Amino acid sequence: CDFSRRPFALKTSKGETILAAAVIIATGAVANWIGLPNEMRLATAGGGVSACAVCDGALPVFRNKPLAVVGGGDSAMEEANYLTKFGSTVYVIHRRDSFRASKVMQERLLAKPNVKVLWNKRVVDVLGEDKITGLALEDTVTGARSSLDVAGLFVAIGHTPATAFLKGTGLEFDDKGYILLRTRSSATNIEGVFAAGDVADSRYRQAITAAGMGCQAALDAEHWLAAHA
């Protein structure tokens, strides 16, 4: 993308160049995964592996079943807390002996009677053919292996915004790579360039909030074009 002059020049994956008077960036963010072959296989096949508890946690397949959440930040605390409404037991698996999450988020989660924390553990395999049946764990201190029976795995180790291709364009980003927006606006620091959805939202990351931001960006772009016609 060349945002140094207008009309903006955008190059497609096929090598074509498109000129645009205004641009809305809505490339989203990608969930970070552990990276295990069986994890990805069961995630894409609907086998009980997910990166969004709010999206999938209420499904009947997870009701009154033991569930696992991997992570130690605020996102993991939120995911696990949500799952306590549905799972019989919610195991929080963390590779260290303390969480990175804020104290209030930790206290809220640990107060739930159906939460169990597995410290100094990492998932080394996801078990099951068509559906997840358990996890293979490794102790990060001793190296000892163990197994855990679960009916669902929720990976909550963050997201990566799809903004790498925009580096060097002059756009401003936060320290995590999300596009910075002006207050209560979809406008970026470059006139005529707007952003919507998870590419600029590190907090909510929901389809409904992304849709609302898309509407805002469309209106902002329309008003900007009318003022610069």
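1. Terms for accessibility come first. A residue is buried under 20% relative accessible area, exposed over 50%, and partly exposed in between, using a 1.4 Å probe and protein chains only. Arg145 is exposed, because its relative accessible area is 59%.

2. A word on the basis of this note. The model is predicted: local features need pLDDT of at least 70, side-chain atom pairs count only at pLDDT 80 or more, and totals for chains, interfaces and linings use all residues. Residues are numbered from 1 along each chain as its sequence is written, and side-chain values use heavy atoms, with hydrogens and water left out.

3. Now the salt bridges. The structure holds four of them. The term covers a side-chain nitrogen of Lys or Arg within 4 Å of a carboxyl oxygen of Asp or Glu.

4. Start with Glu138 and Arg122. Their side chains form a salt bridge, at 2.8 Å from N to O. This pair links distant parts of the chain: Glu138 sits in strand S10 (residues 134-139), Arg122 in strand S9 (residues 121-127), and the two are 16 residues apart. Helices (H or I, at least four residues) and strands (E, at least two) are DSSP runs, numbered from the N terminus. Glu138 counts as buried, because its relative accessibility is 15%. Arg122 is partly exposed, at 39%.

5. Glu138 has another partner. Its side chain also meets that of Arg145 in a salt bridge, at 3.1 Å from N to O.

6. Look next at Arg182 and Glu191. They form a salt bridge, with the closest N and O atoms 3.4 Å apart. Arg182 is partly exposed, with a relative accessible area of 42%. Glu191 is partly exposed too, at 36%.

7. Turn to the helices. H3 (residues 74-83) and H4 (residues 103-110) pack at an angle of about 25 degrees, their axes 9 Å apart. H3 is therefore roughly parallel to H4. Axes are lines fitted to C-alpha atoms, for helices over the stretch in contact; angles run from 0 to 180 degrees between N-to-C directions. Angles under 35 degrees count as roughly parallel, over 145 as roughly antiparallel, 65 to 115 as roughly perpendicular, and the rest as oblique.

8. Which residues of H3 and H4 make the contact? On H3 they are Asp74, Met77, Glu78, Ala80 and Asn81; on H4 they are Met105, Gln106, Arg108 and Leu109. Contact means heavy atoms within 4.5 Å.
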